Amino acid sequence: MDKTKSPNPKGPTTPAVPSAKPAAAPLPIAPVPPLFRPIDWLTFGITFLVVMAGYCWTLATNLGLEDSGELAVGSMYAGIPHPPGYPVWTMYTWVWSLLPVSNIAFRVALGGAFAGAVACGLLGLIVSRGSSMLMEGIEELKAMTGKWESAICVVSGFVAGGLLGFNGFMWSQAVIVEVYSLSVLSLVAVLLFLLRWMYAPEQKRYLYWAFFMFGICFTNHQSLLVAAMGLEVAIIVARPALGRDFLFINSLVYLIGLLAKARGLLPNFDSPPGQTNMMFVIFNLVGLASIVGCGWLFVRTQKMLTEWKPVLLAGLCFLVGVSFYLYMPIAGMSNPPMQWGYPRTEEGFWHALTRGQYEKASPTNFLNDPGRLVMQLGMLVEGVADEFSWVFVLIALVPFLFLRRMQNRERAWVIGITAIYLCLGVLLMILINPPPDRAARELVRVFFTASHVCVALLVGYGLTLIAAFMATHYAVFRRWGLMGGAVALALAIIALATVTESMFGSFFGGIAQAFAPQQYGLPVFSGLLLMSMVVVFMASLLFYRTHAPLAVALAMFALMPGYSFMKNWFDNEQRGHMFGYWFGHDMFTPPFTGPDGKLSYDPKLRAEMMKDPEKAKLIYPEMTRNAVLYGGTDPGRFCPTYTIFCESFIPPRCKQDTDPLYDRRDVYIITQNALADGTYLMYIRAHYNKSDQIQYDAPFFQELLRSERESKENYKTNFLARLAGTLLDKPFTALGDYI
């Protein structure tokens, strides 16, 4: 048919008009498949349940020592614990304090255990999915698919989560009233969102979530702020243009900081005569590194500030997370029993936020005393080896052997994890600057709990690479596996000898003694388990010459958390440890020896014996009603604070294992919470003379938005300050008065 004529033979013959070429329809954007698979969530569930069961088995059932008392009071009244206040932790544990079971300390500790178990489960989730990404991204391991690949992911994730959960640092804090398990959970959440962003970098909302959670990290424990540079390293390796603009902001902040110091606005950076201010040195090192890095990335990308919007949004998300600190002045307006630092005023808020009552940081002077830094790095390595064992440290190094073979995404992830560890480990050690004595080591060890998240991740990935390489290249692996197994066996024997000799004074005799009846030998059993796992692994390599004993290897790997569980049980099992409770209780109602020769608290029996003058001489009297109690040491102030404000207010049915009749809310307590501190005196006056004290408190949000000169000269308040006073200060103050 002639295409220039109408197809209708009866119609007119007209030439066809050439039509414009239709615009090409935009190609539909393929949806990004979910990052986490059902097998990864299975790993999360298994890890969470195992760790939570272990925590519940060893959970403190009542008040402990250290900071447990004041933290529990802060939780029950949604108040402000010791600086910097831990606002997110307080709100989280306040919800747990509402459970109508047992005592307040148990409820809050249970919330901490739950947070720790969720953190370990999420770590298992990250390792499980990351293991699959590693096997997919390394050319030599792509053949590892199917059920065996899933088995490797589950086992590696479970081991990583289990090692973290029963790590001595983590376990010790997850079964008592403490803040560290939630801070670890917030860090794991940062890593979770960071991995999700690296999986699909065009979906920047996950990067924003990572920075929001990083702000939450800062409210949970300020030591986690040092991980910021590690996060930026991960971003630089994954997306150089985005990392370049982050470094540009770093450089800008650095230059502004130098200008502020020159004008005398940063006194913390001033150096005493004849001394070096190491905070300023570290500030300069980070700033100069940012400038150099930004310049290098500018040369590499040939552009600048093309990613300023994501950087700005990420920073805003971080500030939104940090803004939870504003909970403290709001909570302070209700005048709770625990209001450390008195942050209901602007002065108290900054005092609490900056930990003003504590000694300022004095970092290690590695310029003049490098030997001290070497000693501290030895402490850091020793702590990792003690908590994980040298065998697991060896496994954690395996991912670096495959680093050059990884795809950029997986390489960026491993490098980022390493950088975060160096910040949370090495940099934090420099900032804390602990002395070499044992007491200092025990005091600062919990600060490095978060860094062990990165170690556990690397151990999990190391197991994945070992198992996958074994399954796909057994002929090559067998020789290297036997050599590595020999090194691991030597390390396991050394660890066993060390723990046996420290407990029983000899190696072989100590092992035999550990099996004796009525003898505690779990640390020795853990060493034997570790050595047995290595022996079985090597024996399977010797027995199977042609195909990989993958099932045997995975079975041995799965037993690894059992090593940590047995090794750390003694130091972290808290069930039935009631010393903290009875310490606080007996300050008010001391026990006495009854007619049967046993200690008793029976009030009727006490009254009966007090009638006999001779017996009354042997009974220490109860604290008088409406007494004023001055607390001194931490147990002497925190334990009675808890028993007055928590134990006295819960019903008798929740005191089944203690004293159902205890109620000493009549006592006035004044403790040495920074007794010479000005804000502390305001805190005490607000407790016992509220109307007189609060009339002198300037409205917080109004003062926060006034300039320093405006506040000092007390002239007319600016519009924003007046608006904040009307919209925020007045409603919250009224609510506080009502509460």
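Which helix holds I235? I235 belongs to helix α9, residues 228–238; helices are DSSP runs of H or I with at least four residues, numbered from the N terminus. The model is predicted, so local features need pLDDT of at least 70 and side-chain atom pairs count only at pLDDT 80 or more, while totals for chains, interfaces and linings use all residues. Residues are numbered from 1 along each chain as its sequence is written, and side-chain values use heavy atoms, with hydrogens and water left out.

Two residues are set side by side below. Buried means under 20% relative accessible area, exposed over 50%, and partly exposed in between, with a 1.4 Å probe and protein chains only.

| Residue | Relative accessible area | State |
|---|---|---|
| I235 | 0% | buried |
| S290 | 1% | buried |

Beyond four places in sequence, I235 touches W197, L207, F211, P240, L242, G243 and F246, where contact means heavy atoms within 4.5 Å. The C-alpha atoms of I235 and F246 are 8.8 Å apart, at a sequence separation of 11 residues.

S290 sits in helix α11, residues 278–301. With the same exclusion of residues up to four places away, S290 touches M229, L247, N250 and S251. The side chains of S290 and N250 also form a polar contact of 3.4 Å. A polar contact is a pair of N or O atoms within 3.5 Å; within protein, one must be able to donate a hydrogen and the other to accept it, and residues adjacent in sequence count only if both atoms are side-chain atoms.

F557 is in contact with V155, V159, L463, I466 and A467, leaving aside neighbours within four places in sequence.

Terms used. Helix = DSSP H or I, 4+ residues; strand = E, 2+ residues; numbered from the N terminus.
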